Amino acid sequence: MADTINLRELLHFYVDCGVDDALTDEAVDRFAVAEPAKPPRIEAQPVAAAPAIDPQRAAAYAAVPASPARVQATVPDEGQSERARLMAREAASLAELRACLEQFDGCNLKFTAKNLVFGDGNDAADIMLVGEAPGRDEDIEGRPFVGKSGQLLDRMLAAIGLDRSSAYITNVIPWRPPGNRTPTPIETEICRPFIERQIELVKPKVLVALGGPSSKILLGTSEGIMRLRGSWREHKAASGDAIATMPLLHPAYLLRNPAHKKLAWRDLLEIKARLKLLTSAG
Ligand code: URA
């Protein structure tokens, strides 16, 4: 009995320290292994299978040089963002982009994540919301914003008459960083071509950047979220299109700082008005 209590307390202690994910019993020295072993997967709830890639495009992907990470260590290098660019621009649809991310092995985050977290909601929607990276719940379900901050995001959308049938939601980074750490600049650069292509394929009329990191990446700025939020900016797509973009306080931040919900409410009303204007203009 005493042992059970001790064990329970030990588990609580681990959770409080942020250890919420069992990967392997033994630490893996990834620099020492030539063929890095994937940690055993903990079975997650099933997610929709990625569609098959058109054979012509599969040939184009195969022509992209194999990742050096496969034969050396798992540390990505500059070459990986070039590979990502080549692969992402070949994707002619969201289904192909998803399939191409399933094949891409140039980002270490993929090897510790349980699932690819691609996108959720209506991909024909006028509004697209982009967060930073999936957390634990999203990693388990393979869907963005399903945890506590996702529940708040759903309530924020509902407050302006939207839900996942009228909005499309995704993240800059499609794999959960281990322990929810901040993605490194190189990981972000490697994932950037994929989110840029995803935005081009969804072609929203209005883009919402959730939180500082997403705003900085989508707007190419180093300004902080408190300066950015509240006014319209432009995301420049590779196609040359400029998309009206509103930086919005991240729901996870609002959960920690509820007094700032009033700022988010103001910005949500701006978004609602802009959407109405753009959709009535056709
Ligand atoms: N935070 C994010 O930025 N994205 C998610 O999907 C969940 C939490």
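Reader: Hi! Which helix gives the most to the lining of the largest pocket?

Author: Hello! Helix 11 does, with four residues. Keep in mind that this is a predicted model.

Reader: Thanks. What volume does the largest pocket have?

Author: The volume of the largest pocket is about 710 Å³. There are 29 lining residues, and the closest to the pocket centre are Ala133, Ser149, Asn180, His250 and Ala252.

Reader: And which elements give two or more residues to that lining?

Author: Those are helix 6 (136–141), helix 7 (148–159), helix 9 (212–219) and helix 11 (251–256).

Reader: How does the lining of the largest pocket split by class?

Author: Eleven of its residues are nonpolar, ten are polar and eight are charged.

Reader: Okay, on to the ligand. Where does the ligand sit?

Author: You'll find the ligand in the largest pocket. The residues around the ligand are Gly131, Glu132, Ala133, Pro134, Glu138, Pro144, Phe145, Ser149, Asn171 and His250.

Reader: What classes do the residues of that shell divide into?

Author: The shell around the ligand has four nonpolar, four polar and two charged residues.

Reader: Let's get to atoms. Which atom of the ligand is 2.9 Å from a polar backbone atom of Glu132?

Author: An oxygen atom of the ligand is at that distance from the Glu132 backbone.

Reader: Nice. How much of the ligand's exposed area does the protein bury?

Author: The protein buries 91% of the 240 Å² that the ligand exposes when taken alone.

Reader: Switching topic: how many cavities of 30 Å³ or more turn up in the whole structure?

Author: Two cavities are found in that search. The second largest cavity holds about 40 Å³ of space.

Reader: Who lines the second largest cavity, and which helix gives the most?

Author: The lining is made up of Leu101, Val117, Phe118, Thr170, Asn171, Val172, Pro174, Cys191, Phe194, Ile195 and Gln198. Strand 3 (167–171) and helix 8 (185–202) are the elements giving two or more residues to that lining, and helix 8 gives the most, with four.

Reader: Last one: how many charged residues are in the lining of the second largest cavity?

Author: No charged residues there; the lining has eight nonpolar and three polar ones.

Definitions and conventions: Residues are numbered from 1 along each chain as its sequence is written. This is a predicted model: local features need pLDDT of at least 70, side-chain atom pairs count only at pLDDT 80 or more; totals for chains, interfaces and linings use all residues. Side-chain values use heavy atoms; hydrogens and water are left out. On a 1 Å grid over the protein atoms alone, a cavity is a set of points where a 1.4 Å probe fits but cannot get out, and a pocket is an open set with protein on both sides within 12 Å along at least five of seven lines; lining residues have an atom within 4 Å of a point. Grid points are joined across faces, edges and corners, and a volume is the space filled by probe spheres set on the points. Ala, Val, Leu, Ile, Met, Phe, Trp, Tyr, Cys and Pro count as nonpolar, Asp, Glu, Lys and Arg as charged, and the others, Gly among them, as polar. A residue is near a molecule or strand if one of its heavy atoms lies within 4 Å of it. A polar contact is a pair of N or O atoms within 3.5 Å; within protein, one must be able to donate a hydrogen and the other to accept it, and residues adjacent in sequence count only if both atoms are side-chain atoms. Accessible areas come from the Shrake-Rupley method with a 1.4 Å probe; for residues, only the protein chains shown count as cover. A molecule sits in a cavity or pocket if more than half of its atoms lie within 2 Å of its grid points.
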